[in-house]
Amino acid sequence: MSGKKTSSHRRDFLRASTAVAAGGILLNATLPAGAYAQGSDEVRVGVIGCGGRGSGAAHNVLHSARNVTISALADAFEGNAKGLQDRLKKIASSDEKVKELGNKVEVPNDRVYSGLDAFQKIVDDPKINYVILATPPGFRSIHIAAAVKAKKNIFTEKPVCIDGPGARTCLAAFDEANTKGLAIAAGTQRRHQATYIETIKQLHEGAIGEITAARCYWNQGILWAREPKPEMTPVQAQVHNWYNNTWLCGDHIVEQHVHNLDVINWIMRAHPAKAVGMGHRTRTDPRYGHIFDFFAIDYEYPNGVHMLSMSRQISNCANSVSEAVVGTKGNCQVNQFMINGKSAVNRNLRNVDPYVQEHTDLIESIRAAKPINELKNVMESSLTAVMGRMSAYTGKEVSWNQALNSKLQLMPDNLTWETKLPDWTVAVPGKTPLI
Ligand SMILES: NC(=O)c1ccc[n+]([C@@H]2O[C@H](COP(=O)([O-])OP(=O)(O)OC[C@H]3O[C@@H](n4cnc5c(N)ncnc54)[C@H](O)[C@@H]3O)[C@@H](O)[C@H]2O)c1
C-alpha cells in the first residue's frame, strides 16, 4: 500500500470518526461540523478582526501546521482588512517557514469584507472550516454563536464575554460545539505554554500541598486611545477607540487581567463563587471613555480559598503581570515557574511559542478527530473578571450566579454604524445599580 493511499484511507477514517464523535451518531453522509473539503485535510482560515492580534494570529496559524490556507478576511473598517491582505501577501511570498510548510494565502479582493456584518460573510462561506475571532471583546459572543451555528472550528481571542448575557451565549455555544464535534481554542495562551503547563501539572500533583491562598496582578501604565476621524459616526468612533469603552472592551480587568485570573482558575480547577472589590477613575480626558484606572478584588473560591486580584492602568507606578499561589507545603511564583524557590521547568521548554502552539494544538485536535473545546474554561475566566468589575462598579458583593444571570447587556442589539448609543457614564460605586 503506498503512503499516499494510507494517508487518504486515514483521512476517510478521520472524517467518519469526526461524524461519530459529533454526539455519538453518524450525522450524515456529507461532512459535518467544520470538516475538510472532500479528499483534503486543508485548514481554510477566515480572519474576523484584522487589527494587531488578528494579524498576529494569521501569522501564527501559518506557522503552526502544514496545509493551512488563509482564505478570507473581515473587518469593521475596510482599511484594516485591506492592510492585512497586503501584509499577508508579503508573508506568503517571503516567509521561509510558511513556504517550508507549504502554507498559502489566497485572499482575492472579493473575499475581503468590511462592515459590522462582515463576519457573517466568512461564517457563511462553506469552504472555510476555521475562523479566527479577533475583534474587540464586545462582539465576541455574537461571533462565537454565529460561527458555531455555521459549524466552523474556532480560534477565539480572549475575553469571550463582557457580561452575563454574553456568558450565557458562550455556554450554549460550548454545548452546541460539542454536539457538532467542533474544536475551539482560546487566546488564553498560557494554557498552551509548556512552562505553565509543566508548573501547574506539578501543583496539581501536590508540589506545594493544598492551595490556601492566591494572588494575581496586571498592573501597568495607561494603554492607548485612538482619536476619532472627522467622518466617523459615534459608533464608528467608539469601535475605533474600543479599548476605552466598557460596552466594547469590558474594561481592562476583563480585557487583560482575564489572563491571570484564568491561570488561578486553572490551578484551582474551579471558578470563584463570589467577589467583593473596589476601583476608581481619576482620568478626565474624554478619549479614555469611561473605563476605571484600577480594580482590587477579593475573590473567594467554593472551598473558601481567597484570591487577591489587582489590575491597574496608571503610569509611573509599580508594574507587575504575575500569578502566585501559597500552599500547605510551600509556594509557587507561577509566572516565573518557580516552586519553593527552585525552577520547576527544564530550560528548553521555554523555546516553544504559545501563540503558535495554540493553533498547532487546535489543528491537531481537528485532524485527530478529537476536538478540544476550551470555550467553557475561557468563558469562566472572562466571567470571573466580569464579576469583579460588577462588584467594583457597584460597590456590592457579587456572586457567580448574579454575574451569570445578570440582565445587563452592554452591546446594543442589532448594532449599526447609525445606532444611537446609550448615554454611558462612568460607574459610581454605591450609586451604580447591580443589574
Ligand atoms: N492573547 C493575547 O495575548 C492578546 C493580545 C492582544 C490582543 N488580544 C485580544 O485580541 C482582540 C483584538 O485586540 P487587538 O489588539 O488586535 O485590537 P485592534 O484594535 O488592533 O484590532 C481589532 C480589529 O477588529 C476590528 N473590528 C472591530 N469591530 C469589528 C467587528 N464588529 N467585526 C469585524 N471587525 C471588527 C477593528 O477594526 C480592528 O481592526 C481583543 O479581544 C484583545 O483582548 C489578545
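Helices (H or I, at least four residues) and strands (E, at least two) here are DSSP runs, numbered from the N terminus. This is a predicted model: local features need pLDDT of at least 70, side-chain atom pairs count only at pLDDT 80 or more, and totals for chains, interfaces and linings use all residues. Residues are numbered from 1 along each chain as its sequence is written.

Start with glutamine 193, in the loop between strand 7 (184-186) and helix 8 (194-204). Glutamine 193 counts as buried because 20 other C-beta atoms lie within 10 Å; the cut-off is 20 or more, with exposed at 12 or fewer, partly exposed in between, and C-beta atoms placed from the backbone.

Next, colour by domain: domain 1 is 3-190 + 362-374 and domain 2 is 194-350 + 377-404, with bounds from an automatic or database domain assignment. Their C-alpha centres lie 27 Å apart. Domain 1 puts 20 residues into the contact and domain 2 puts in 23 (C-beta atoms, placed from the backbone, within 7 Å). On the domain 1 side, select helix 7 (residues 164-180), which gives the most, with six residues.

Finish on alanine 275: tyrosine 299 stands opposite in strand 10, and valine 398 is the bridge partner in strand 16.

Key:
Contact = placed C-beta atoms within 7 Å. Pairing = 2+ DSSP bridges.
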